Amino acid sequence: MLGRDRSIPMREPELEIRVLGELAVRREGVAAGLPASRKTRALLGYLVAVPGPVSRSRLCSLLWEGPVDPRGERRWSLSTLRALLGERATALVADGESVRLDPDALRLDLAVVRAATASGLE
C-alpha cells in the first residue's frame with residue numbers, strides 16, 4: 001500500500017477490525033478466523049461501536065442475561081477475544097470494572113468514518 005504521495009509505502013496496520021459490512025479481523029494484513037460464538041462476535045462489535053469503557057455488568061446484562069454463570073461466560077468471551085487479537089491483545093483493555101478497546105492500538109473502520117464525519121462531508 002502506498003502513501004498519499006505514492007512514493008512512501010504505508011504499513012498495513014498490525015491489527016484491524018472491520019464492523020461495517022461483514023465483521024472481520026486482520027492481523028498484519030492477514031484475515032484472522034472469527035470465534036464461532038455469536039455472543040463473542042457481538043461483544044467484539046459492541047466494543048468497536050461504543051467509544052470508551054463499558055461496565056462489565058452492562059456487558060453481562062446485554063449479552064448473557066440467561067446463562068447460569070453470565071460472568072463466567074463473559075470471562076470466556078474476553079479470553080477468546082484476547083486470543084483472536086493475538087500479540088495485540090493489549091488493544092483489549094479490561095480492569096475490574098470495565099472493558100474497552102484501545103483505539104490507538106488498532107485500526108477500526110468505524111473510527112475512520114467517525115473522523116470523516118466529524119470534519120464534515122461534502
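Me: Which residues in α2 meet which ones in α3?
Reply: Arg-56, Ser-57, Leu-59 and Cys-60 in α2 meet Pro-70, Arg-71, Arg-74 and Leu-78 in α3. Contact here means heavy atoms within 4.5 Å. By class, that contact has four nonpolar, one polar and three charged residues. For the classes, Ala, Val, Leu, Ile, Met, Phe, Trp, Tyr, Cys and Pro count as nonpolar, Asp, Glu, Lys and Arg as charged, and the others, Gly among them, as polar.

Me: What kind of model is this, and how are residues numbered?
Reply: It's a predicted model, where local features need pLDDT of at least 70 and side-chain atom pairs count only at pLDDT 80 or more, while totals for chains, interfaces and linings use all residues. Residues are numbered from 1 along each chain as its sequence is written, and side-chain values use heavy atoms, with hydrogens and water left out.

Me: What's the mean pLDDT of the protein chain?
Reply: The mean is 83, and 84% of the residues reach 70 or more; pLDDT is the predictor's confidence in each residue, from 0 to 100. Confidence is lowest in helix α4 (residues 109-118), with a mean of 80, and highest in strand β4 (residues 54-55), at 95.

Me: How many helices and strands does the chain have?
Reply: Four helices and seven strands. Helices (H or I, at least four residues) and strands (E, at least two) are DSSP runs, numbered from the N terminus. The order from the N terminus is β-β-β-α-β-α-α-β-β-β-α.

Me: Back to packing. At what angle do α2 and α3 cross?
Reply: Roughly 100°, with the axes of α2 (residues 56-63) and α3 (residues 70-85) coming within 10 Å. That makes α2 roughly perpendicular to α3. The cut-offs: under 35 degrees is roughly parallel, over 145 roughly antiparallel, 65 to 115 roughly perpendicular, and the rest oblique. Axes are lines fitted to C-alpha atoms, for helices over the stretch in contact, and angles run from 0 to 180 degrees between N-to-C directions.

Me: And what about α1 and α3, at what angle do they pack?
Reply: About 75°, with the axes of α1 (residues 38-49) and α3 9 Å apart. So α1 is roughly perpendicular to α3. Thr-40, Leu-43, Leu-44 and Leu-47 in α1 meet Trp-76, Ser-77, Leu-78, Thr-80, Leu-81 and Leu-84 in α3. That contact has seven nonpolar, three polar and no charged residues.

Me: Which residues in α3 are buried?
Reply: Gly-72, Arg-74, Ser-77, Leu-78, Thr-80, Leu-81, Leu-84 and Leu-85. Buried means under 20% relative accessible area, exposed over 50%, partly exposed in between (1.4 Å probe, protein chains only). For the protein chain, 33% of the 122 residues count as buried.

Me: Why does Ser-77 count as buried?
Reply: Because its relative accessibility is 1%. Leaving aside neighbours within four places in sequence, Ser-77 is in contact with Thr-40, Leu-43 and Trp-64.

Me: What follows α3?
Reply: Gly-86, with a positive phi near 65°.

Me: New topic: Ala-49. What does it touch?
Reply: Not counting residues up to four places away in sequence, Ala-49 touches Leu-110 and Arg-114. Ala-49 is in helix α1 and counts as partly exposed, at 33% relative accessibility.
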